[in-house]
Amino acid sequence: MEREKADNVNEPESMKKKRAGRHLRLSEYITSQLPEGAVVDFIFYEDFDGDGEKEAVIGVTRFAPFPPDSAVLIVKAEKNGDITHDWFMFRESPHGFEQAGVIDSAAAADTDGDGLKEVVISRVFGHKHEIDITVIDWEGAAPHQVWHSGQAYFHGSLQVADTDGDGIAEIVVEFGTQDGHEVISAEEACYHVRESKVYKWDGKSYCAYPRNVDMPYASFNTAVRFLKAVWKRDYEKAYSMVLIPPFSGLDGLDDPSLPAFKNYISRKVMPALSRNIEKGKLVPAEPYDTCCHFSGPEDDFTVELSRTGSGVKISGLMISKRRVRDGMQM
(Lines give C-alpha, C1' and ligand atoms only; values in the text may rest on other atoms or scores of the structure.)
Protein backbone atom coordinates (compact mmCIF):
# COMPACT_ATOMS: atom_id res chain seq x y z
CA MET A 1 0.00 0.00 0.00
CA GLU A 2 1.68 3.19 -1.17
CA ARG A 3 1.90 6.26 1.02
CA GLU A 4 -0.78 8.82 0.12
CA LYS A 5 -0.25 12.60 0.18
CA ALA A 6 -2.54 14.97 2.09
CA ASP A 7 -3.01 17.15 -1.02
CA ASN A 8 -4.23 14.18 -3.05
CA VAL A 9 -4.34 15.24 -6.71
CA ASN A 10 -7.00 12.58 -7.35
CA GLU A 11 -9.32 14.01 -4.73
CA PRO A 12 -12.96 14.35 -5.93
CA GLU A 13 -13.99 17.84 -7.09
CA SER A 14 -16.68 17.99 -4.41
CA MET A 15 -14.06 17.41 -1.75
CA LYS A 16 -11.86 20.16 -3.19
CA LYS A 17 -14.77 22.61 -2.94
CA LYS A 18 -15.33 21.63 0.70
CA ARG A 19 -11.65 22.17 1.40
CA ALA A 20 -11.80 25.65 -0.21
CA GLY A 21 -14.83 26.75 1.81
CA ARG A 22 -14.05 25.37 5.27
CA HIS A 23 -11.92 22.96 7.23
CA LEU A 24 -12.81 19.36 6.57
CA ARG A 25 -14.31 17.26 9.30
CA LEU A 26 -12.02 14.49 10.50
CA SER A 27 -14.12 11.77 8.86
CA GLU A 28 -14.10 13.64 5.52
CA TYR A 29 -10.33 13.99 5.61
CA ILE A 30 -9.84 10.32 6.44
CA THR A 31 -12.19 9.29 3.63
CA SER A 32 -10.20 11.41 1.18
CA GLN A 33 -7.01 9.55 2.10
CA LEU A 34 -8.28 5.98 1.84
CA PRO A 35 -7.04 4.11 -1.25
CA GLU A 36 -9.63 2.83 -3.68
CA GLY A 37 -10.95 -0.58 -2.67
CA ALA A 38 -9.88 -0.18 0.97
CA VAL A 39 -11.90 -1.18 4.03
CA VAL A 40 -11.50 0.01 7.62
CA ASP A 41 -10.56 -2.76 10.06
CA PHE A 42 -10.37 -0.80 13.34
CA ILE A 43 -10.53 2.76 14.69
CA PHE A 44 -8.95 4.10 17.89
CA TYR A 45 -9.17 7.71 19.03
CA GLU A 46 -6.74 8.33 21.90
CA ASP A 47 -3.84 10.55 22.92
CA PHE A 48 -1.10 8.10 21.97
CA ASP A 49 1.85 10.52 21.91
CA GLY A 50 1.12 12.32 25.18
CA ASP A 51 0.72 15.86 23.81
CA GLY A 52 -2.81 16.29 25.13
CA GLU A 53 -4.45 15.91 21.70
CA LYS A 54 -6.04 12.73 20.37
CA GLU A 55 -4.93 10.87 17.26
CA ALA A 56 -7.20 8.77 15.08
CA VAL A 57 -5.52 5.43 14.36
CA ILE A 58 -7.25 3.49 11.60
CA GLY A 59 -6.41 0.02 10.34
CA VAL A 60 -6.88 -0.22 6.59
CA THR A 61 -6.88 -3.22 4.26
CA ARG A 62 -6.91 -2.91 0.48
CA PHE A 63 -8.22 -6.02 -1.30
CA ALA A 64 -7.70 -4.79 -4.86
CA PRO A 65 -5.43 -5.14 -6.68
CA PHE A 66 -4.55 -8.65 -5.54
CA PRO A 67 -2.83 -9.67 -3.32
CA PRO A 68 -4.38 -7.66 -0.48
CA ASP A 69 -2.25 -5.68 1.94
CA SER A 70 -2.76 -3.65 5.10
CA ALA A 71 -1.43 -0.48 6.69
CA VAL A 72 -2.33 1.92 9.50
CA LEU A 73 -3.47 5.49 8.83
CA ILE A 74 -2.68 7.92 11.68
CA VAL A 75 -4.58 11.23 11.51
CA LYS A 76 -4.35 14.28 13.77
CA ALA A 77 -6.40 17.47 13.89
CA GLU A 78 -4.24 20.42 14.90
CA LYS A 79 -5.52 23.23 17.13
CA ASN A 80 -5.62 25.62 14.16
CA GLY A 81 -8.00 23.30 12.32
CA ASP A 82 -5.43 21.77 9.98
CA ILE A 83 -5.40 18.00 9.66
CA THR A 84 -2.26 15.96 9.05
CA HIS A 85 -1.68 12.26 8.56
CA ASP A 86 0.97 9.60 8.27
CA TRP A 87 0.95 6.00 7.08
CA PHE A 88 2.47 3.26 9.22
CA MET A 89 3.66 0.47 6.93
CA PHE A 90 4.22 -3.03 8.30
CA ARG A 91 7.87 -3.96 7.79
CA GLU A 92 8.04 -7.62 8.79
CA SER A 93 6.26 -10.93 8.32
CA PRO A 94 6.65 -14.06 10.45
CA HIS A 95 9.25 -16.58 9.34
CA GLY A 96 8.13 -18.61 6.33
CA PHE A 97 5.56 -16.14 4.98
CA GLU A 98 6.40 -14.05 1.93
CA GLN A 99 2.95 -12.67 1.06
CA ALA A 100 1.68 -9.62 2.93
CA GLY A 101 -0.68 -10.19 5.83
CA VAL A 102 -4.18 -8.80 6.33
CA ILE A 103 -5.25 -7.12 9.58
CA ASP A 104 -7.10 -9.53 11.85
CA SER A 105 -7.67 -7.68 15.13
CA ALA A 106 -6.25 -4.85 17.22
CA ALA A 107 -6.25 -3.41 20.73
CA ALA A 108 -5.18 -0.12 22.32
CA ALA A 109 -3.66 -0.55 25.78
CA ASP A 110 -0.75 0.52 27.96
CA THR A 111 1.58 -2.46 27.64
CA ASP A 112 4.84 -0.81 28.77
CA GLY A 113 3.71 1.06 31.89
CA ASP A 114 4.39 4.61 30.63
CA GLY A 115 0.78 5.71 31.12
CA LEU A 116 0.12 5.96 27.37
CA LYS A 117 -1.51 3.37 25.15
CA GLU A 118 0.21 1.42 22.40
CA VAL A 119 -1.56 -0.20 19.46
CA VAL A 120 -1.27 -4.00 19.30
CA ILE A 121 -2.20 -5.48 15.91
CA SER A 122 -2.52 -9.03 14.66
CA ARG A 123 -2.34 -9.84 10.94
CA VAL A 124 -3.48 -13.11 9.39
CA PHE A 125 -1.28 -15.09 6.98
CA GLY A 126 -1.62 -18.15 4.75
CA HIS A 127 -4.27 -20.81 4.31
CA LYS A 128 -3.95 -21.88 7.96
CA HIS A 129 -4.93 -18.32 9.03
CA GLU A 130 -2.04 -17.93 11.45
CA ILE A 131 -1.33 -14.49 12.92
CA ASP A 132 1.67 -12.38 13.84
CA ILE A 133 1.77 -9.50 16.33
CA THR A 134 3.04 -5.93 15.84
CA VAL A 135 3.17 -3.23 18.54
CA ILE A 136 3.15 0.45 17.50
CA ASP A 137 4.40 3.06 19.97
CA TRP A 138 5.12 6.77 19.67
CA GLU A 139 8.45 8.52 20.09
CA GLY A 140 7.38 12.12 20.37
CA ALA A 141 4.90 12.60 17.53
CA ALA A 142 6.41 9.83 15.39
CA PRO A 143 4.81 6.34 15.39
CA HIS A 144 7.16 3.40 15.03
CA GLN A 145 7.23 -0.36 15.39
CA VAL A 146 8.53 -1.14 18.84
CA TRP A 147 8.10 -4.94 18.64
CA HIS A 148 7.25 -7.72 16.20
CA SER A 149 6.55 -11.29 17.29
CA GLY A 150 8.69 -12.90 14.59
CA GLN A 151 6.57 -16.05 14.69
CA ALA A 152 2.98 -17.07 14.00
CA TYR A 153 0.16 -17.98 16.38
CA PHE A 154 -3.39 -19.31 16.18
CA HIS A 155 -5.92 -17.11 14.43
CA GLY A 156 -8.19 -15.41 16.95
CA SER A 157 -5.98 -16.13 19.96
CA LEU A 158 -4.73 -12.56 20.59
CA GLN A 159 -5.77 -11.07 23.92
CA VAL A 160 -4.46 -7.83 25.40
CA ALA A 161 -5.30 -7.60 29.10
CA ASP A 162 -3.81 -7.10 32.55
CA THR A 163 -3.40 -10.77 33.45
CA ASP A 164 -1.36 -10.32 36.65
CA GLY A 165 -3.13 -7.33 38.22
CA ASP A 166 -0.18 -4.92 38.12
CA GLY A 167 -2.05 -2.28 36.10
CA ILE A 168 -0.10 -2.95 32.89
CA ALA A 169 -1.58 -4.94 30.01
CA GLU A 170 0.12 -8.06 28.66
CA ILE A 171 -0.09 -9.66 25.21
CA VAL A 172 -1.47 -13.20 25.30
CA VAL A 173 -1.35 -15.64 22.35
CA GLU A 174 -1.78 -19.36 21.73
CA PHE A 175 0.00 -21.61 19.23
CA GLY A 176 -0.20 -25.21 18.08
CA THR A 177 2.19 -28.06 18.78
CA GLN A 178 2.65 -31.56 17.40
CA ASP A 179 2.11 -33.10 20.83
CA GLY A 180 0.02 -36.23 20.46
CA HIS A 181 0.89 -36.80 16.79
CA GLU A 182 1.27 -40.50 17.60
CA VAL A 183 -2.52 -40.80 17.92
CA ILE A 184 -4.01 -37.56 16.52
CA SER A 185 -4.14 -36.70 12.83
CA ALA A 186 -3.02 -33.09 13.20
CA GLU A 187 -2.43 -32.71 9.47
CA GLU A 188 -6.12 -33.19 8.69
CA ALA A 189 -7.54 -31.17 11.55
CA CYS A 190 -7.59 -27.57 12.65
CA TYR A 191 -7.55 -28.69 16.29
CA HIS A 192 -4.11 -29.10 17.84
CA VAL A 193 -2.69 -29.32 21.32
CA ARG A 194 -2.20 -25.69 22.23
CA GLU A 195 0.32 -23.87 24.34
CA SER A 196 0.10 -20.25 25.41
CA LYS A 197 2.52 -17.40 25.98
CA VAL A 198 2.13 -14.08 27.72
CA TYR A 199 4.42 -11.27 26.54
CA LYS A 200 5.29 -8.75 29.23
CA TRP A 201 7.35 -5.57 28.97
CA ASP A 202 10.61 -5.79 30.97
CA GLY A 203 11.80 -2.23 30.38
CA LYS A 204 13.54 -3.02 27.10
CA SER A 205 11.35 -5.46 25.18
CA TYR A 206 8.43 -7.86 25.44
CA CYS A 207 9.60 -11.09 27.09
CA ALA A 208 7.67 -14.35 26.74
CA TYR A 209 6.45 -16.40 29.72
CA PRO A 210 4.46 -19.66 29.64
CA ARG A 211 0.77 -19.49 30.46
CA ASN A 212 -1.95 -22.08 30.92
CA VAL A 213 -4.34 -22.29 27.99
CA ASP A 214 -7.98 -21.42 28.46
CA MET A 215 -10.96 -23.71 28.10
CA PRO A 216 -11.84 -25.69 26.08
CA TYR A 217 -8.22 -26.29 25.10
CA ALA A 218 -7.20 -27.14 28.66
CA SER A 219 -9.59 -30.08 28.30
CA PHE A 220 -8.51 -30.87 24.74
CA ASN A 221 -4.82 -30.92 25.68
CA THR A 222 -5.58 -33.27 28.57
CA ALA A 223 -7.65 -35.60 26.38
CA VAL A 224 -4.96 -35.87 23.69
CA ARG A 225 -2.16 -36.40 26.22
CA PHE A 226 -4.19 -39.11 27.94
CA LEU A 227 -4.75 -41.02 24.67
CA LYS A 228 -1.05 -40.61 23.87
CA ALA A 229 -0.03 -41.98 27.28
CA VAL A 230 -2.35 -44.97 26.86
CA TRP A 231 -1.06 -45.71 23.35
CA LYS A 232 2.56 -45.53 24.51
CA ARG A 233 1.64 -47.74 27.51
CA ASP A 234 2.74 -45.10 29.97
CA TYR A 235 0.21 -46.35 32.47
CA GLU A 236 1.51 -44.37 35.42
CA LYS A 237 1.09 -41.09 33.53
CA ALA A 238 -2.35 -42.06 32.23
CA TYR A 239 -3.37 -43.15 35.74
CA SER A 240 -2.32 -39.78 37.15
CA MET A 241 -4.72 -38.06 34.72
CA VAL A 242 -7.93 -39.89 35.64
CA LEU A 243 -10.54 -39.82 38.38
CA ILE A 244 -11.17 -43.29 39.87
CA PRO A 245 -14.01 -43.68 40.31
CA PRO A 246 -15.78 -42.76 38.01
CA PHE A 247 -13.35 -43.57 35.15
CA SER A 248 -13.45 -47.37 35.49
CA GLY A 249 -17.08 -47.47 36.55
CA LEU A 250 -18.27 -49.50 39.53
CA ASP A 251 -15.11 -51.62 39.42
CA GLY A 252 -13.22 -48.56 40.61
CA LEU A 253 -15.11 -48.68 43.91
CA ASP A 254 -13.62 -52.08 44.69
CA ASP A 255 -10.09 -51.50 43.44
CA PRO A 256 -8.88 -48.01 42.45
CA SER A 257 -5.23 -49.13 42.23
CA LEU A 258 -2.79 -48.69 39.35
CA PRO A 259 -2.72 -52.43 38.54
CA ALA A 260 -6.52 -52.47 38.32
CA PHE A 261 -6.45 -49.40 36.06
CA LYS A 262 -3.84 -51.03 33.83
CA ASN A 263 -6.00 -54.16 33.57
CA TYR A 264 -9.05 -52.04 32.68
CA ILE A 265 -7.14 -50.19 29.92
CA SER A 266 -5.76 -53.47 28.52
CA ARG A 267 -9.23 -55.04 28.30
CA LYS A 268 -11.48 -52.11 27.43
CA VAL A 269 -9.40 -49.45 25.65
CA MET A 270 -6.26 -50.82 23.97
CA PRO A 271 -8.00 -53.23 21.55
CA ALA A 272 -10.15 -50.42 20.12
CA LEU A 273 -7.31 -47.90 20.10
CA SER A 274 -5.00 -50.38 18.34
CA ARG A 275 -7.39 -51.33 15.56
CA ASN A 276 -8.03 -47.67 14.76
CA ILE A 277 -4.48 -46.31 14.91
CA GLU A 278 -3.18 -49.23 12.85
CA LYS A 279 -5.52 -48.10 10.04
CA GLY A 280 -5.21 -44.34 10.55
CA LYS A 281 -4.98 -41.81 13.31
CA LEU A 282 -7.88 -40.24 15.23
CA VAL A 283 -9.41 -37.04 13.85
CA PRO A 284 -10.52 -34.57 16.55
CA ALA A 285 -13.81 -32.69 16.43
CA GLU A 286 -14.51 -29.30 18.01
CA PRO A 287 -13.56 -29.56 21.70
CA TYR A 288 -15.77 -28.67 24.66
CA ASP A 289 -14.99 -28.04 28.31
CA THR A 290 -16.44 -31.36 29.49
CA CYS A 291 -15.91 -33.67 26.51
CA CYS A 292 -13.67 -34.12 23.47
CA HIS A 293 -14.62 -36.32 20.53
CA PHE A 294 -12.25 -38.19 18.22
CA SER A 295 -13.15 -40.28 15.18
CA GLY A 296 -11.07 -43.25 14.05
CA PRO A 297 -11.45 -45.42 10.93
CA GLU A 298 -13.67 -47.86 12.86
CA ASP A 299 -14.64 -46.31 16.19
CA ASP A 300 -15.58 -43.04 17.84
CA PHE A 301 -13.88 -42.04 21.09
CA THR A 302 -15.43 -39.54 23.51
CA VAL A 303 -13.22 -38.44 26.38
CA GLU A 304 -15.19 -37.02 29.33
CA LEU A 305 -13.47 -34.48 31.57
CA SER A 306 -14.04 -32.74 34.90
CA ARG A 307 -12.45 -29.75 36.58
CA THR A 308 -10.84 -30.47 39.93
CA GLY A 309 -8.74 -28.55 42.41
CA SER A 310 -5.62 -29.99 40.75
CA GLY A 311 -6.68 -29.25 37.19
CA VAL A 312 -8.64 -31.01 34.45
CA LYS A 313 -9.01 -34.79 34.93
CA ILE A 314 -10.38 -37.63 32.78
CA SER A 315 -13.66 -38.90 34.21
CA GLY A 316 -14.65 -41.32 31.45
CA LEU A 317 -13.95 -42.74 28.01
CA MET A 318 -16.76 -43.90 25.73
CA ILE A 319 -15.93 -46.03 22.67
CA SER A 320 -18.56 -46.82 20.06
CA LYS A 321 -18.53 -48.31 16.57
CA ARG A 322 -18.89 -45.71 13.86
CA ARG A 323 -22.38 -45.66 12.37
CA VAL A 324 -22.82 -46.97 8.86
CA ARG A 325 -25.37 -45.41 6.50
CA ASP A 326 -25.89 -46.42 2.85
CA GLY A 327 -22.66 -48.38 2.87
CA MET A 328 -20.66 -45.45 4.23
CA GLN A 329 -19.28 -44.92 7.71
CA MET A 330 -20.68 -41.84 9.42
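**A nonpolar core and the helices around it**

In this predicted model, the largest nonpolar core has 35 residues, of which F226, V230, F247, I265, F294, V303 and I314 touch the most other members. Two or more residues come to this core from each of α3, α4, α6, β14 (291-295), β15 and β16.

Beyond its neighbours within four places in sequence, F247 is in contact with F226, V242, F261, Y264, I265, I314, S315, G316 and L317.

Helix α3 (217-231) is mostly covered, with 11 of its 15 residues buried. Among them are F226 and V230, along with Y217, F220, V224 and L227. Because 15 residues at 1.5 Å a residue should span 21 Å, the 21 Å between the end C-alpha atoms of α3 agrees with expectation. After α3 comes R233, which has a positive phi, near 60°.

Helix α6 tells another story. This helix runs over residues 258-277, yet its end C-alpha atoms lie only 25 Å apart, short of the 28 Å that a straight helix of 20 residues would reach at 1.5 Å a residue. A kink of about 50° is found at V269, shortly before the proline P271. V269 is itself buried, as are F261, Y264, I265, M270, A272, L273, S274, N276 and I277. The cover over the buried residues of α6 includes α3, α4 (235-240), β15 (299-308) and β16 (311-321).

Notes:
Residues numbered from 1 in each chain as written. Predicted model: local features only at pLDDT ≥ 70, side-chain atom pairs only at ≥ 80, totals over all residues. Heavy atoms only, no water. Helix = DSSP H or I, 4+ residues; strand = E, 2+ residues; numbered from the N terminus. Expected span 1.5 Å × (residues − 1). Bend = angle between axes of the 7 residues up to and from the residue. Buried < 20%, exposed > 50% of the residue type's maximum accessible area, 1.4 Å probe, protein only. Contact = heavy atoms within 4.5 Å. Core = buried A, V, L, I, M, F, W, Y, C linked by side-chain atoms within 4.5 Å.
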